[in-house]
Amino acid sequence: MDHKTEIVVMGLGYIGLPTASIMATKGYRVVGVDLSAEIVNTINGGKIHIVEPDLDILVKSAVNSGNLKASLAPEEADTFIIAVPTPFAATEDNPFAPDISYVEAAARSIAPFLSQGNLVILESTSPVGTTERVRDIIRELRPDLFESTLNHHLSSAVFIAHCPERVLPGRIIRELVDNDRVIGGIDKASATKARDLYKSFCSGNIFLTDARTAEMVKLTENTFRDVNIALANELSMICDLLGVNVWELIELANKHPRVSILKPGPGVGGHCIAVDPWFIVAAAPMQAKLIRAAREVNESKPHWVVERVRKRAERFVKPVIGCLGLSYKADVDDIRESPAMEITRNIMKLGLGEVMVCDPYVSSARAGFELHDLEKVVCEADILVVLVDHSDFSDVDRDLLKEKVVIDTRGIWR
Ligand code: SAJ
């Protein structure tokens, strides 16, 4: 029997691990590559290092089937999928500079293992032009792969495409299969070749385009959401000033058939929506005025919440302030770019009194401070600040809240 690896997935995070596991359960022989020995060992033991519904069962069955193996280094395969982080890194010249160094490093590390006819897919959300950069790196390191292109008039010696992930944390496994996908090839043959692969495990429609358009489509999707959340956040601050209940306002405005306002919150977090719009701003700073303003509104919201807490604490001598939630959104463990984390830390810095924090999804070690049970925080706090709408929080006995100051940034107790 041929045990050759068919797919190498670079990066075993929130996107790479579910993708590698789904493909393995569909029968592909997959090697998942990560820089962390701890992550590699955890996965090879059939366990996971992140919290995502049903991912544990999926990874366990993928590893047990013998089709998924984690490794510290890539190897030869037919297809290489890059699913590594693309954060932004402020520099002196450009405060919104995208950092594509992980993508570049992944391209460099797979280059020695490529053969003609292989397919390279970039799944990471990337600034426009990154897929071309991947091609250039591979061409520089492996000119031999491209020589026959000239000789035989093949459209691609190595097929390279961008297929941006679109899954929603908390629903990743379902959305990986069900969502429509956009695939942008470095050329037509690359897009078609990538479609054939995705068709084997995606039930959604697949739309083909060029790589730059696919990159911009993904950035646009997350920017759309950011701009719309910014409107909700701006309304929440305006309503506070005008004495209008923002939750009722939005509910009623949304009764209009063509109005659909999103929910205000403590700010916008996560590794995607709070980051990706900056890639557009960085690429077109003079044109991206609305996109930048929306980012600034969403970034200002955590400061506004801290200021509200400070004001409401004025009538106490040393209040106990209970902060509920640290993750960037409900029912996930991810604290990357979390406004809840930023707010909690800043409240602690103010030194107004004792700060007690609860998040059922996050450990004290990861938070960097002590966490408490929900019941303890709710009972002991004078001021309760709801920062995340975790399901566990909605059941709190309303009688316990009667004597307390409540700042509910998510509107779960209204
Ligand atoms: N949020 C609000 N109000 C809302 C909706 C969200 O304040 O009405 C906040 C959340 O609390 C969170 C942030 O926005 O802090 C982002 O949460 P989210 O659920 O909107 O999105 P993500 O970051 O978890 O996932 C997004 C998704 N993109 C879109 O919905 C356009 C997902 O499909 C992408 O795959 C993902 O980014 C990604 O990886 O790019």
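The chain divides into domain 1, residues 6–211, and domain 2, residues 240–408. The model is predicted. The C-alpha centres of the two domains lie 33 Å apart. Domain 1 gives 16 residues to the contact, and domain 2 gives 16.

The size of an interface is often given as the accessible area lost when the parts come together. Between domain 1 and domain 2 the buried area is about 1300 Å². Carbon and sulfur atoms give 67% of that area. On the side of domain 1, the residues that lose the most area to domain 2 are Tyr14, Phe88 and Phe96. Together these three account for 42% of what that side buries.

The polar part of the interface was also counted. Three residue pairs are in polar contact between domain 1 and domain 2, both residues of each pair being at pLDDT 80 or more. Salt bridges between the two domains number zero. The residues of domain 1 that touch domain 2 comprise eleven nonpolar, five polar and no charged.

Side chains of opposite charge can pair when their charged atoms come close. The structure as a whole holds 24 salt bridges. One of them joins Glu132 and Arg212, with an N to O distance of 2.9 Å. Glu132 belongs to helix H5, residues 130–141, and Arg212 to helix H9, residues 211–242, so this pair ties together parts 80 residues apart in sequence. Glu132 is partly exposed, because its relative accessibility of 25% falls between the 20% and 50% limits. Arg212 is also partly exposed, at 41% relative accessibility.

Asp136 pairs with Arg139, and their closest N and O atoms are 3.4 Å apart. The two residues are three apart in helix H5, so about one helical turn separates Asp136 from Arg139. Asp136 has a relative accessible area of 30% and is partly exposed. Arg139 counts as partly exposed at 39%.

Asp333 and Arg366 form another salt bridge, their closest N and O atoms being 3.6 Å apart. Asp333 lies in the loop between strand E9 (320–324) and helix H13 (339–350), while Arg366 lies in helix H14 (residues 364–367). The pair therefore ties together parts 33 residues apart in sequence. What is the relative accessible area of Asp333? The value is 5%, so Asp333 is buried. Arg366, at 39% relative accessibility, is partly exposed. Elsewhere, salt bridges with shared partners join Glu307, Arg310, Lys311 and Glu314 into one network.

Helix H1 spans residues 16–25 and is mostly covered. Nine of its ten residues are buried. Among them are Leu17, Pro18, Ile22 and Met23. Gly16, Thr19, Ala20, Ser21 and Ala24 are also buried. Just after H1, the backbone at Gly27 takes a positive phi of about 105°.

Most residues other than glycine have a negative phi, and most peptide bonds are trans. Asp54 has a positive phi, near 70°, and is a residue other than glycine. Asp54 is placed in the loop between helix H2 (37–44) and helix H3 (55–64). This aspartate counts as partly exposed at 48% relative accessibility. Asp331 is not a glycine either, yet its phi is positive, at about 60°. Asp331 is located in the loop between E9 and H13. That loop also holds Asp333, the salt-bridge partner of Arg366. Asp331 is partly exposed, at 26% relative accessibility.

Helix H9 was examined at one further position. Val217 is found in this helix. Its relative accessibility is 26%, so Val217 counts as partly exposed. Leaving out residues up to four places away in sequence, Val217 touches Arg166 and Val182. Val217 and Asp408 are 191 residues apart along the chain, and their C-alpha atoms are separated by 34 Å.

Key: Residues numbered from 1 in each chain as written. Heavy atoms only, no water. Domains from an automatic or database assignment. Contact = heavy atoms within 4.5 Å. Buried area = accessible area lost by both parts, 1.4 Å probe. Salt bridge = Lys/Arg side-chain N within 4 Å of Asp/Glu carboxyl O. Polar contact = N/O pair within 3.5 Å; in protein donor to acceptor, adjacent residues only side chain to side chain. Nonpolar A, V, L, I, M, F, W, Y, C, P; charged D, E, K, R; others polar. Helix = DSSP H or I, 4+ residues; strand = E, 2+ residues; numbered from the N terminus. Buried < 20%, exposed > 50% of the residue type's maximum accessible area, 1.4 Å probe, protein only.
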